[in-house]
Amino acid sequence: MQSISLWITIPYTLFVAVLVPVYWVRYGPTNLLWFSDMALIVTLAALWLESSFLVSMMTTGVLLFDVVWSFLFFYRLIQGGRTVGFLGYMFDPQYSNFIRALSLFHIMLPIVQLWAIGKLGYDIQAWKYQVVLGWIVLPLTYAVSGPKENINWVYGLKEVPQKWLPAPLYVAALMVLYSTLACYPTHRILKTFFAVTR
């Protein structure tokens, strides 16, 4: 018997089938190196394969970011005011409503991931593999993208590139922070609240 319903998998598949080519044309292929974009795609494979390992990996890598994104989005939506930084585009009329609607996957993705982990269990080894993936993706992102895109914040946390550390040292620090402040704490939370595998 299937653990993951096709009522979830098929709409998710159709959404990804629209988002990936649209993002590819609108932003270029390097945009798909964002951790959340990668997680969206790999979670699709996890749903079809019913893979606890893959969904656990992706969740430990992006749950924190997507929860923060969602909180800031709804806060701005309710409170109003000026929005700058990585969420500014969601309230910028220069971006079409369609493009902005696609970005709402940041709200949907953690819901789907946590639901899937509830069905499949949490793989307690997966976070280590996500750390390794992150350590590959961050330097790769720096090598193939630029400050304008600032994918995964490899050029700084603000709109202008950071100057307080040499670039290689900054990326190395980002790699450490990603593993210790994003992946590991999320692993501990998931391990506490979900049935574990392995």
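**Exercise 1. In which kind of crossing does α2 pass α3?**

Solution. Before starting, note that this is a predicted model, in which local features need pLDDT of at least 70 and side-chain atom pairs count only at pLDDT 80 or more, while totals for chains, interfaces and linings use all residues. Residues are numbered from 1 along each chain as its sequence is written, and side-chain values use heavy atoms, with hydrogens and water left out.

Step 1: find the two helices. Helices are DSSP runs (H or I, at least four residues), numbered from the N terminus. Helix α2 covers residues 35-49, and helix α3 covers residues 52-79.

Step 2: look at the axes, which are lines fitted to C-alpha atoms over the stretch in contact, with angles from 0 to 180 degrees between N-to-C directions. The axes of α2 and α3 come within 9 Å and cross at roughly 145°.

Step 3: read the hand. The crossing of α2 and α3 is left-handed, a term used when the near helix is turned anticlockwise from the far one by less than a right angle.

Step 4: list the residues in contact (heavy atoms within 4.5 Å). From α2 come F35, S36, M38, A39, V42, T43, A45, A46 and L49, and from α3 come L54, V55, M58, V62 and D66. These residues divide into eleven nonpolar, two polar and one charged. Here Ala, Val, Leu, Ile, Met, Phe, Trp, Tyr, Cys and Pro count as nonpolar, Asp, Glu, Lys and Arg as charged, and the others, Gly among them, as polar.

**Exercise 2. Describe how α1 and α5 meet.**

Solution. Step 1: helix α1 spans residues 6-27 and helix α5 spans residues 105-120. Their axes come within 13 Å and cross at roughly 145°.

Step 1: the crossing of α1 and α5 is left-handed.

Step 2: on the α1 side the contact uses I8, Y12, F15, L19 and Y23, and on the α5 side F105, M108, L109, V112 and W115. Sorted by type, the residues of this contact are ten nonpolar, no polar and no charged.

**Exercise 3. How many aromatic pairs does the structure hold, and is the pair of F71 and Y75 stacked or edge-to-face?**

Solution. Step 1: the structure holds 14 aromatic pairs. Rings of Phe, Tyr and Trp (its six-membered ring) pair if their centres lie within 6.5 Å; planes under 30 degrees apart count as stacked, over 60 as edge-to-face and the rest as tilted.

Step 1: the rings of F71 and Y75 have centres 6.2 Å apart and planes at 20°, so this pair is stacked. F71 and Y75 both belong to helix α3, four residues apart, about one turn of the helix.

Step 2: turn to Y89 and Y95, an edge-to-face pair with 5.9 Å from centre to centre and 65° between the planes.

Step 3: F71 is exposed at 56%, Y89 is buried at 19%, and Y95 is partly exposed at 22%.

Step 4: W34, F35, F65, W153 and Y178 are linked by ring pairs into a cluster. R76 lies over the face of F91, 4.2 Å from the ring centre; such a charge over a ring needs NZ of Lys or CZ of Arg within 6 Å of the ring centre and within 35 degrees of the ring normal.

**Exercise 4. Where are N150 and N152 found, and are they buried or exposed?**

Solution. Step 1: N150 sits in the loop between α6 (126-144) and α7 (167-193). N152 is placed in the loop between α6 and α7.

Step 1: N150 has a phi near 50°, a positive value in a residue other than glycine. N152 has a positive phi of about 55°, although N152 is not a glycine.

Step 2: N150 is buried at 9% relative accessible area, and N152 is buried at 3%.

**Exercise 5. Which residues does V16 touch, not counting residues up to four places away in sequence?**

Solution. Step 1: V16 is in helix α1 and is buried, with a relative accessible area of 5%.

Step 1: with those sequence neighbours left out, V16 touches P21, L40, I41 and L44.

Step 2: check a C-alpha distance. V16 and L102 are 86 residues apart along the chain, and their C-alpha atoms are separated by 9.4 Å.

How values were computed. Buried < 20%, exposed > 50% of the residue type's maximum accessible area, 1.4 Å probe, protein only.
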